[in-house]
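Work through the exercises below with the sequence and the structure in view. Try each task before reading its solution.

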Amino acid sequence: MTVDAADRRLRRARQLTLLSLATNVGTTLLLPCVGLSREPEPWRVALGVLGLAGFAAAQAAVLHAAVTPWLAGPARRRRHAALAVAALLSLPLVGPVAAGAWPTWAWLGASLVGMSPLLFRPLPALLAAAGVLGASAAVTLATGGPLPTALLVTGGVGAGVAAVTWLQVWFWDLVVEARQGQAARARLAAAEERLRFARDVHDLLGHDLTVIALKAELAERLAPVDAARAGREAAEVRRLAGSALSRVREAVHGYRAVDLAEQLAAVGEVLRSSGVRCTVVPVAGELPAPVAADLAAVLREAGTNVLRHSRADWCRIELAREDDLVRMTVRNDGAAGAGPDALSGGLRGLAERLAPAGGTVRAYAEDGVFHLVATVPVPS
């Protein structure tokens, strides 16, 4: 699975899932400690502690891998192999502890059964659980313990732990898939915007370039026979090229008609689809087209920054008009992330764009909140 390891909300869900898994599976490791307290031989206690510590360390590594989808496959397999080795070593180290008085290894077996949903698919998990149950029975018979108790602990308790573990992992997978879907929707929205702009540029240039090509070809043919007309055609080519260039510049810089309200709604929807609680407060009344275009450019850059450069949980976009000035303020709680600094290329480009009209762009972080404030004068 491909997920963003720096996603704050995913990281929180991962931490809670890991804590829940550790509490559920790790509880079964507390009961073998009762066997250690009942073992009269110090050397067996020492070996039991060694085996239990190795098993706990390997188990913790596997639990961590289960909620770390970005972990490489070889590293994951090494952790699984370490758990298998620790489980095998625990048989001679922990199995004889409190022999006949307490099912010490049976509780380790319950922990292994409980972890089976993390290691295998359903059918292999059942086979692995059956193997652990057999190992528990063999250890119990070899140490003279009560077989029904050992089977009940390993099979019954292990099955209960496995059911809860499967449910926790299922919920975690749902969270990961949901975050992947949100990221995919954000990428799709960006791709659609690029396609829309590409279509606009094609519509702008397609006709003009066709006419320019035809007139240039005509001027080339007329040059040897009618220089005056060829000159007029060349002048027309120059005029058409200048007109096309002007319209492209207008499109690139956003001076074409812009529906700012539609832009606000679109950015808000993209942020919400990416898991960011977004509040939009539009300006009252209509704004001149150049002002709306400038603010739309700021809005797109601000939305991009929230999605790319921070791990915001909420965002507030607010526009306010004060006499002959419009102020756009975009705030989010992603200041702790790798937000854009004052030299960010996008922010610098916005400042350069707004400067000729007397506009300004300012970005700063305060109390964990990132602020982007843009002001644009409204012509009287």
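Predicted model: local features only at pLDDT ≥ 70, side-chain atom pairs only at ≥ 80, totals over all residues.

Residues are numbered from 1 along each chain as its sequence is written, and side-chain values use heavy atoms, with hydrogens and water left out.

**Exercise 1. Confidence**

Task: State the average pLDDT of the protein, and find what the model has for residues 338–343.

Solution. 
- Step 1: pLDDT is the predictor's confidence in each residue, from 0 to 100.
- Step 2: The average over the protein is 84, and 90% of the residues score at least 70.
- Step 3: Over residues 338–343, pLDDT stays under 50. For this stretch the model has eight contacts beyond four places in sequence, a contact being heavy atoms within 4.5 Å.

**Exercise 2. Aromatic rings**

Task: Classify the pair formed by Trp166 and Trp170, and describe the surface around these residues.

Solution. 
- Step 1: A pair of aromatic rings is described by the distance of the centres and the angle of the planes. Rings of Phe, Tyr and Trp (its six-membered ring) pair if their centres lie within 6.5 Å; planes under 30 degrees apart count as stacked, over 60 as edge-to-face and the rest as tilted.
- Step 2: The structure holds two aromatic pairs. In one of them, Trp166 and Trp170 are 6.1 Å apart centre to centre with 10 degrees between the planes, and the pair is stacked.
- Step 3: Both Trp166 and Trp170 lie in helix H7 (residues 147–222), four residues apart, about one turn of the helix. Helices (H or I, at least four residues) and strands (E, at least two) are DSSP runs, numbered from the N terminus.
- Step 4: Ring pairs link Trp166, Trp170 and Phe171 into a cluster.
- Step 5: Relative accessible area sorts residues into buried (under 20%), exposed (over 50%) and partly exposed (in between), with a 1.4 Å probe and protein chains only. Trp166 is partly exposed because its relative accessibility is 49%; Trp170, at 40%, is partly exposed too.
- Step 6: Trp166, Leu167, Trp170, Phe171 and Leu174 make a nonpolar surface patch of about 520 Å². Leu167 also belongs to helix H7 and is partly exposed at 39%.

**Exercise 3. Salt bridges**

Solution. 
- Step 1: Side chains of opposite charge can pair when their charged atoms come close. A salt bridge is a side-chain nitrogen of Lys or Arg within 4 Å of a carboxyl oxygen of Asp or Glu.
- Step 2: The whole structure has six salt bridges.
- Step 3: Arg221 is exposed because its relative accessible area is 51%, whereas Glu217 is partly exposed at 42%.
- Step 4: Arg327 is partly exposed at 28%, and Glu322 is partly exposed at 43%.

**Exercise 4. Gln59**

Task: Is Gln59 buried or exposed, and which residues does Gln59 touch?

Solution. 
- Step 1: Gln59 is in helix H3 (residues 42–66).
- Step 2: Gln59 counts as buried because its relative accessibility is 3%.
- Step 3: Not counting residues up to four places away in sequence, Gln59 touches Val25, Gly26, Leu29, Leu83, Ser111 and Met115.

Conventions:
Patch = residues over 30% accessible without salt bridge, like charges linked within 9 Å, V, L, I, M, F, W, Y side chains within 5 Å. Areas by Shrake-Rupley, 256 points an atom, 1.4 Å probe, with all protein chains shown as cover.
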